[in-house]
Amino acid sequence: MNTRENQLKAFDRLLTIMDELRAQCPWDKKQTMETLRHLTIEETYELGDAILDNDLEEVKKELGDVLLHIVFYSKIGSETNDFDIADVCNGICEKLINRHPHIYSDVKVENEDDVKRNWENLKLKEGKNSVLEGVPNSLPALVKANRIQEKVAGVGFDWEHPNQVWEKVEEELAEFKVEIKKGNQKAMESEFGDVLFSMVNYARFLKINPENALERTNKKFSKRFQYLEEKAKAINKPLKDMTLAEMDVFWEEAKSL
């Protein structure tokens, strides 16, 4: 691994290249925070994919892309004299020091849960009106549900035992079934949302990240379905002309791979 000196040299090199690109490259000169925003989101998702695939070489590359965006935003901020990369770094350093009094002060903690509770309480002392202010509105719904539950649990609003959460899941499922029988579409949607929310909560108690779990299932399903498509092409028979029984043969093969 690189020494701290080499790490700092590499970061300085990136800052220098960013200065040069911003001054000389027609594309880089035109970018604003708004034009970069959707690209940043895309890069973050690509990083997430690499992490789930456990492709460390790709993780390294995607981290570089994300870091570039951080440096890019900071460069734009410096041009309007609002902030620069040093302000960004110092800001997060101060936050980390203030939020970790068990490291940088005399606060005692017993475990990870104590750290999380302290974190949320400190945020409220810093002027936050709600523990939920830190949950971005634009987060995907599944991720947002998980973050909401983590946030409120951090201040003690939580179940005591996993079996209580599972009972809530069963309660919500029963209510969902009632609305299905009634055929009320709006009520069904509401109850289905409650089922998902309670399942996310149960996953949290089992130390399962629901977003990661669902995405891994998405990848697994896609891989198996693509195998099915390949086999259908190999026998020159379109999927739409195959029976479910025929497709199921290849599906079971895909599961065994």
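Reader: How many cavities of 30 Å³ or more does a search of the whole structure find?

Author: The model is a predicted one, and a search of the whole structure finds 1 cavity of 30 Å³ or more. About 30 Å³ of space lies in the largest cavity, and its lining is made up of Glu-120, Lys-123, Leu-124, Lys-128, Ser-130, Val-131, Glu-133 and Gly-134.

Reader: What makes residues of that lining nonpolar, polar or charged?

Author: The lining of the largest cavity divides into 2 nonpolar, 2 polar and 4 charged residues. Asp, Glu, Lys and Arg count as charged, so Glu-120, Lys-123, Lys-128 and Glu-133 fall in that class. Leu and Val count as nonpolar, whereas Gly is placed among the polar residues.

Reader: What is the volume of the largest pocket, and which residues are closest to its centre?

Author: The largest pocket has a volume of about 620 Å³. Of the 21 residues that line this pocket, Thr-44, Tyr-45, Pro-140, Val-143 and Glu-211 are the closest to its centre. The lining divides into 11 nonpolar, 6 polar and 4 charged residues.

Reader: Which helices each supply at least two residues of the lining of the largest pocket?

Author: Helix 3 (33–52), helix 8 (141–153) and helix 11 each supply at least two residues of that lining, and helix 3 gives the most, with 9 residues.

Reader: Why is Met-242 called buried?

Author: Met-242 has a relative accessible area of 7%, and buried means under 20%, so Met-242 is classed as buried. Met-242 is found in the loop between helix 11 (210–234) and helix 12 (244–256). Leaving aside its neighbours within four places in sequence, Met-242 is in contact with Ala-232, Lys-237, Met-247 and Phe-250. The C-alpha atoms of Met-242 and Leu-68, which are 174 residues apart along the chain, are separated by 49 Å.

Reader: Is Ser-74 buried or exposed, and how do you know?

Author: Ser-74 has 4% relative accessibility, which is under the 20% cut-off, and therefore Ser-74 counts as buried. Its place is in helix 4 (residues 56–79). Not counting residues up to four places away in sequence, Ser-74 touches Phe-83, Asp-84, Ile-85 and Val-88.

Reader: How do you know that the sulfur of Cys-93 is too far from that of Cys-89 for a bond?

Author: The sulfur of Cys-93 is 6.5 Å from the closest cysteine sulfur, in Cys-89. A disulfide needs the two sulfur atoms within 2.5 Å, so this distance is too far for a bond. The structure holds 0 disulfides.

Reader: Why do Cys-25 and Cys-93 count as partly exposed?

Author: Cys-25 has 22% relative accessibility and Cys-93 has 39%.

Reader: What is the phi of Lys-207, and what is the phi of Asn-236?

Author: Phi of Lys-207 is near 60° and phi of Asn-236 is near 55°, each a positive value in a residue other than glycine. Most residues other than glycine have a negative phi.

Reader: Why are Lys-207 and Asn-236 called exposed?

Author: Exposed means over 50% relative accessible area, and the values are 72% for Lys-207 and 70% for Asn-236, so both are exposed. Lys-207 lies in the loop between helix 10 (185–205) and helix 11, while Asn-236 is found in the loop between helix 11 and helix 12.

Reader: Where does UniProt place the feature "domain: NTP pyrophosphohydrolase MazG-like"?

Author: The unreviewed UniProt entry places that feature at residues 31–103 and 166–224. Residues 31–103 are 85% helix and 0% strand, with the end C-alpha atoms 40 Å apart. Residues 166–224 are 90% helix and 0% strand, and their end C-alpha atoms lie 31 Å apart.

Terms used. Residues numbered from 1 in each chain as written. Predicted model: local features only at pLDDT ≥ 70, side-chain atom pairs only at ≥ 80, totals over all residues. Heavy atoms only, no water. 1 Å grid on protein atoms, 1.4 Å probe; cavity = no way out; pocket = protein on both sides within 12 Å on 5 of 7 lines; lining within 4 Å. Points joined across faces, edges and corners; volume = space filled by probe spheres on them. Helix = DSSP H or I, 4+ residues; strand = E, 2+ residues; numbered from the N terminus. Buried < 20%, exposed > 50% of the residue type's maximum accessible area, 1.4 Å probe, protein only. Contact = heavy atoms within 4.5 Å. UniProt positions renumbered as here; feature names shortened; annotations may be inferred.
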